[in-house]
Amino acid sequence: MTSAIANPLALIAELTHRCPLHCVYCSNPLELAQRSTELSTEDWSRVFNEAAALGVLQADFTGGEPLTRPDILDLIRSARAADLYVNLITSGLPLAESRLEALVQAGLDHFQLSFQGAREETANEISGTKAHAQKLRVLEWLKRHRVAVTLNFVIHRRNIAQLPEMLSLAESSSASRVEFANVQYYGWAFANRDSLLPTREQLTQSIDFLKKAQERLAGKIKVEYVVPDYYAKYPKPCMGGWARKLMLIAPNGDALPCHAARVIPGLSFENVKNRGLREIWEVSEAFQKFRGEAWMQEPCKTCDRRALDYGGCRCQAFLLAADATATDPVCSLAPQRPKVDAILATLNETNSVGAGLAPRSAEPLTKPDWLYRPNPS
Amino acid sequence: MSVDLESHPRLAPGCRMNEKTQQPRTLLMPERALRLNGPSLEIVERCDGKHTVQQIITELQQLYSKAEPAKVEQDILGYLALLQKERALDFEA
């Protein structure tokens with residue numbers, strides 16, 4: 001019964017994997033899509049029309065860096081022509097103010113500017129490039145253009161102490177929203193996890209700080225935050241549930257239920273060049289695989305929370321428990337939870353001194369040995 | 001947060017209705033979408049920077065003349081406060 005399947009609400013359009021930044025927590029897969037395999041302007045235009053027909057309301061333009069697409073203005077125009085709301089998730093480079101004006105005139109609704117920290121040296125270390133000064137310029141330009149602005153801060157152990165400075169940056173900008181999203185551990189972030197996970201003390205202080213910020217700025221700036229789920233009692237409803245709300249199109253046209261789905265062995269993905277979006281959404285193997293509850297094991301199978309968190313994240317289950325149908329190991333009810341507790345125990349023992357929001361020593365003695373995300377060929 | 005009756009609510013940058021031809025009518029905004037039905041559609045259509053909050057209340061009290069006027073006012077103020085919390089409105093002088 002395909003008619004019982006609810007339509008997706010958002011289309012995540014990974015326009016390219018090319019990026020001027022090399023962030024150590026990049027959500028792209030370890031194997032990046034090559035430029036020569038990227039979908040054409042016409043392919044994307046067809047995808048936007050099929051998405052709108054399927055009931056999608058919003059298109060999230062992301063990457064890599066979507067601004068590296070020379071046809072970005074055409075892509076915005078065609079998504080708007082399909083009556084989609086257009087979000088651009090960007091590092092802010094390459095960009096000049098005249099180009100920003102053109103993006104807004106093409107119909108861009110929402111500009112999400114990512115920051116790697118509040119201070120240049122931290123941001124440069126995390127992104128493996130010098131981009132922070134450009135981001136501050138973009139923030140000034142945005143004040144002069146009519147577009148929604150969100151600042152996206154990705155939070156981890158090396159920058160969590162800078163939350164007050166990050167919030168000040170948001171308050172001095174034209175942003176109506178600010179997101180403080182702790183790194184989630186997949187792909188590049190999984191490889192760099194031991195250098196990124198905050199301590200329990202840091203996390204507790206940060207949540208306290210952000211709750212107060214939410215109250216103080218209510219009606220002015222919407223403050224949103226995401227905790228690292230390793231510290232959570234129950235798993236996150238990853239992607240709002242597998243194949244329930246979101247559909248991701250990779251640069252080469254492969255349709256995925258989430259950013260990290262390629263890590264799950266044996267899963268094959270349909271490509272938008274060969275199949276219509278509706279068919280992919282409703283009947284393709286990858287989208288059907290963990291839709292609903294039939295795939296669940298105990299304790300999920302009979303758990304009261306299964307309609308709230310859908311068993312958590314399938315990719316995390318595979319990464320931590322080597323079984324994509326297991327209960328997400330971050331769940332306190334999961335048989336594999338001791339693995340997560342062991343990771344946290346090691347981390348909190350080795351990093352407990354001076355690791356709070358206002359650390360006793362400003363910088364650790366040694367810098368982590370980062371695995372940087374390269375650029376695809 | 002309280003709503004000033006003489007201010008002119010206007011949809012904030014990046015907040016807009018979907019096309020008139022599309023059903024159901026929906027308020028699109030960053031990371032959110034709000035389905036609009038009868039009264040909520042009437043309210044949002046008047047958040048154009050030209051109507052004051054008081055004018056919106058008066059017009060809807062006429063439109064929904066069978067409803068208790070105080071209840072209409074209360075519902076409108078509640079809905080505008082919700083949209084303000086979502087940062088979907090700017091209140092201009």
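How do helix 2 of chain A and helix 3 of chain A lie relative to each other? I will come to that after some background.

This is a predicted model, in which local features need pLDDT of at least 70, side-chain atom pairs count only at pLDDT 80 or more, and totals for chains, interfaces and linings use all residues. Residues are numbered from 1 along each chain as its sequence is written, and chains are lettered from A and ligands numbered from 1 in the order in which they are written.

Chain A has 14 helices and 9 strands; these are DSSP runs, helices being H or I with at least four residues and strands E with at least two, numbered from the N terminus. Along its principal axes, the C-alpha trace of chain A spans about 55 × 55 × 45 Å. Of the 377 residues in chain A, 47% are buried, meaning 20 or more other C-beta atoms, placed from the backbone, lie within 10 Å of the residue's own.

Now the helices. Packed helices are described by the angle and the distance between their axes. The axes of helix 2 (residues 72–81) of chain A and helix 3 (residues 97–106) of chain A come within 8 Å and cross at roughly 20 degrees. Axes here are lines fitted to C-alpha atoms over the stretch in contact, with angles from 0 to 180 degrees between N-to-C directions. The two helices of chain A are therefore roughly parallel, the term for angles under 35 degrees.

Which residues meet? Leu73(A), Ile76(A) and Arg77(A) in helix 2 of chain A meet Ala102(A), Leu103(A) and Ala106(A) in helix 3 of chain A; contact requires C-beta atoms, placed from the backbone, within 7 Å.

Finally, the contact between chains takes 14 residues from chain A and 15 residues from chain B.

Notes. Contact = placed C-beta atoms within 7 Å. Parallel < 35°, antiparallel > 145°, perpendicular 65-115°, else oblique. Buried ≥ 20, exposed ≤ 12 C-beta atoms within 10 Å, placed from the backbone.
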